[in-house]
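The sequence and structure are shown first.

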Amino acid sequence: ARSPRVYSLTKIVEIAHLNMNRIRLVWSRIWSVLADFFVTSGCHPNLQVAMYVVDSLRQLAMKFLERGELASYSFQNDFLRPFVVVMRQSPRTEIRELIIRCMSQMVLARVGNIKSGWKSMFMVFTTAAADDQRGIVVLAFETIERIIREHFVHITETDATAFTDCVNCLIAFTNSDCSPDVSLNAIAFLRFCALKLADGSLGNL
């Protein structure tokens, strides 16, 4: 349908929202079921449905990231993984662009609480680096550039894995065929990361 009804989808989003405050171990079992549903729906051939799903995921993620995460846990990474899968599988440029904008908004609003979630975020941007649409590549790199310039300390305070994921993401952008400017700027940021590592600014990483 051109204007599909999303009543049942809305109710599933409400169920996810209402159960979010349960203890994390219980929530993770609930989310393991819901995540597959959101991935399937996020790749729906009807653009209106797919965009509704991704935007609903964004709202749920913003709520989920209101609370911090203890060390050695990966609930945030598990929660954000549907964004990664949809980013990889969706053939629609509009959906991939929306996912990047969602990541940007989450960083802007919740950067202090992001821990294991960095992994999924960098996986989204790494996927975007290989996109065949120049606009997607540029938008993703602009977001990465902002994260490194303004929030680098939040990446490095998490653990060594987050820093490694950041570096691997930048390497992916250096290999981009869509924009020489992006590739050159990615190399410059890799140098920045190397200097931070060399001068001991990254602590025990």
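## Second largest pocket

In this predicted model, the second largest pocket holds about 180 Å³ of space. Its lining has 14 residues, and those nearest the centre are Trp-31, Ser-32, Ala-35, Asp-78 and Arg-81. Helix 2 and helix 4 are the elements that give two or more residues to this lining. The most come from helix 2, which supplies seven residues. By type, the lining of the second largest pocket has nine nonpolar, two polar and three charged residues.

## Helix 2

Helix 2 spans residues 24–42 and bends by about 30 degrees at Trp-31. Its buried residues include Trp-27, Trp-31, Leu-34, Ala-35 and Phe-38. Among the elements covering the buried residues of helix 2 are helix 1 (7–18), helix 3 (47–64), helix 4 (75–89) and helix 5 (93–110).

## Largest pocket

The largest pocket contains about 280 Å³ of space. It is lined by 17 residues, with Tyr-73, Lys-115, Ser-116, Thr-158 and Asp-159 closest to the centre. Helix 6 (117–129) and helix 8 (160–174) each contribute at least two lining residues, and helix 8 gives the most, with three. The lining of the largest pocket comprises five nonpolar, six polar and six charged residues.

## Nonpolar core

The largest nonpolar core has 64 residues, of which Phe-79, Phe-83, Met-106, Trp-118, Met-121, Phe-125 and Phe-173 touch the most other members. Helix 7 (residues 134–156) provides the largest share of this core, 10 residues.

Leaving out residues up to four places away in sequence, Phe-125 touches Ile-100, Met-103, Ala-140, Thr-143, Ile-144, Ile-147, Cys-169 and Phe-173.

Technical notes: Residues are numbered from 1 along each chain as its sequence is written. This is a predicted model: local features need pLDDT of at least 70, side-chain atom pairs count only at pLDDT 80 or more; totals for chains, interfaces and linings use all residues. Side-chain values use heavy atoms; hydrogens and water are left out. The bend at a residue is the angle between axes fitted to the seven residues ending there and the seven starting there. Helices (H or I, at least four residues) and strands (E, at least two) are DSSP runs, numbered from the N terminus. Buried means under 20% relative accessible area, exposed over 50%, partly exposed in between (1.4 Å probe, protein chains only). Contact means heavy atoms within 4.5 Å. A nonpolar core is a set of buried Ala, Val, Leu, Ile, Met, Phe, Trp, Tyr and Cys residues joined through side-chain atoms within 4.5 Å. On a 1 Å grid over the protein atoms alone, a cavity is a set of points where a 1.4 Å probe fits but cannot get out, and a pocket is an open set with protein on both sides within 12 Å along at least five of seven lines; lining residues have an atom within 4 Å of a point. Grid points are joined across faces, edges and corners, and a volume is the space filled by probe spheres set on the points. Ala, Val, Leu, Ile, Met, Phe, Trp, Tyr, Cys and Pro count as nonpolar, Asp, Glu, Lys and Arg as charged, and the others, Gly among them, as polar.
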